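Good morning, and thank you for coming. I would like to take you through one protein model, going from annotated spans to individual residues.

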Amino acid sequence: MNLKTKNPALYYLQRAAFYLLVLVIAFYLLAPFFWAVLTSLRSPGDLFLQPAQFIAAETTFQNYTQVFANPNFQRGLLYSLVVAVGSVLISLLIGSFAAYALGRFRFKGKQIIMYVILAVSVFPQIAVLSGLYTLISALGLYNSPVGLILTYLIFTIPFTVWVLTSFVRDIPGELEEAALVDGASPLQTLFLVLFPVMMPALVTTGLLAFINAWNEYLFALTFTSTNRTVPVVIANYSGATQFDQPWGQIMAASIVVTIPLIILVLVFQRNIVSGLTAGAVKG
């Protein structure tokens, strides 16, 4: 006998409490984003109105027009895209080979390598900032997208290797054996057999690494001066005077930067779920 039949009043009370909790959490998470969208659709003179008047104020898209007309923002979007895509592609390429070796072969010191990778992935960025600055300057890569890509690999490669290794371990060995019996070389087995099976994990790790690289601020601020990514451009937004803070344009730029991430998550939602849950349950 379930709770609904045994005690209907308690059952419906629990259900009501559950849905109320869900609404509170959803409101807490979505309210800042809703207010940012609302601010981006209001004129500068409406920003100091009372909340009720502010919500009912006239909608305008002038902030978005001004943001897209800003050459710094246009360059920032381009640099962010180049740096994020470049770091993700390199991370997936290197991480796939490393994960295959760590997940399939036995060799001395493998556990130590895994612990080092985990330690590097949780290492604070500020701790390696000065050393990286010296390295990037010595290589002549300061204020270059290539320099940012190299620095972003510090946190994208360890994350990619760690996630993909756990996925590779759960791939049945019979797939490789069947491919080798059919005459496939190890590289053909990796590219034609294992990579298609790893696709959910590759999409998941690639998307999460892309989000980290797209939103990264500290390295982009330190290793660039003019060729800056969009988070730094938004942080340095200024108005006509030093006392003028264009909150409407800042919110509009933030929404524009966030929309591609939302679209990517919605498009690859199934791959993300299957990639995150892969290996969680063993049959």
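**Annotated spans and overall form**

In residues 77–100 the chain is 100% helix and 0% strand, with the end C-alpha atoms 34 Å apart. What we have before us is a predicted model. The span I began with is one of those that UniProt, in an unreviewed entry, lists under the feature "transmembrane region"; the record gives residues 16–38, 77–100, 112–136, 148–168, 189–211 and 247–268.

At the start of H5, a side-chain oxygen of asparagine 70 comes to within 2.9 Å of the backbone nitrogen of asparagine 72.

Let me now turn to the protein as a whole. It contains 15 helices and 0 strands. Its radius of gyration is 24 Å, whereas the globule rule gives 19 Å for 283 residues; the value is well over that figure, so the protein is more spread out than a compact globule. Along the principal axes, the C-alpha atoms fill a box of roughly 75 × 70 × 35 Å.

How much of the protein is buried? Buried residues account for 35% of the 283 residues. The exposed surface comes to about 16800 Å², and 70% of it is supplied by carbon and sulfur atoms. As for contacts with a separation of 6 or more, 70% of them are between residues 24 or more positions apart.

**Helix H11 and threonine 205**

I now move to helix H11, residues 199–215. H11 has 17 residues and reaches 24 Å from its first C-alpha to its last, close to the 24 Å expected at 1.5 Å a residue. Its buried residues include Ala201, Leu202, Val203, Gly206, Phe210 and Trp214.

Threonine 205 also lies in this helix. Is threonine 205 buried or exposed? Its relative accessibility is 1%, so threonine 205 counts as buried. A polar atom of its side chain is 3.2 Å from the backbone oxygen of leucine 202. Leaving aside residues up to four places away in sequence, threonine 205 touches Leu92, Phe159, Thr160, Val163 and Leu164.

**Three further residues**

Lysine 110 lies in helix H6, residues 110–121. Why does lysine 110 count as buried? The reason is its relative accessibility of 17%, because the cut-off for buried is under 20%. Not counting residues up to four places away in sequence, lysine 110 touches Leu102 and Phe105.

Glycine 131, by contrast, is partly exposed, with a relative accessible area of 45%. This glycine belongs to helix H7, residues 129–138. The C-alpha atoms of glycine 131 and proline 196 are separated by 38 Å, and the two residues are 65 residues apart along the chain.

Finally, leucine 150 is found in helix H8, residues 145–169. Leucine 150 is partly exposed as well, with a relative accessible area of 39%. Between the C-alpha atoms of leucine 150 and serine 96, which are 54 residues apart along the chain, the separation is 18 Å.

Thank you for your attention.

Notes:
Residues numbered from 1 in each chain as written. Predicted model: local features only at pLDDT ≥ 70, side-chain atom pairs only at ≥ 80, totals over all residues. Heavy atoms only, no water. Polar contact = N/O pair within 3.5 Å; in protein donor to acceptor, adjacent residues only side chain to side chain. Helix = DSSP H or I, 4+ residues; strand = E, 2+ residues; numbered from the N terminus. Rg over C-alpha atoms; globule rule 2.2 N^0.38 Å. Buried < 20%, exposed > 50% of the residue type's maximum accessible area, 1.4 Å probe, protein only. Contact = heavy atoms within 4.5 Å. Areas by Shrake-Rupley, 256 points an atom, 1.4 Å probe, with all protein chains shown as cover. UniProt positions renumbered as here; feature names shortened; annotations may be inferred. Expected span 1.5 Å × (residues − 1).
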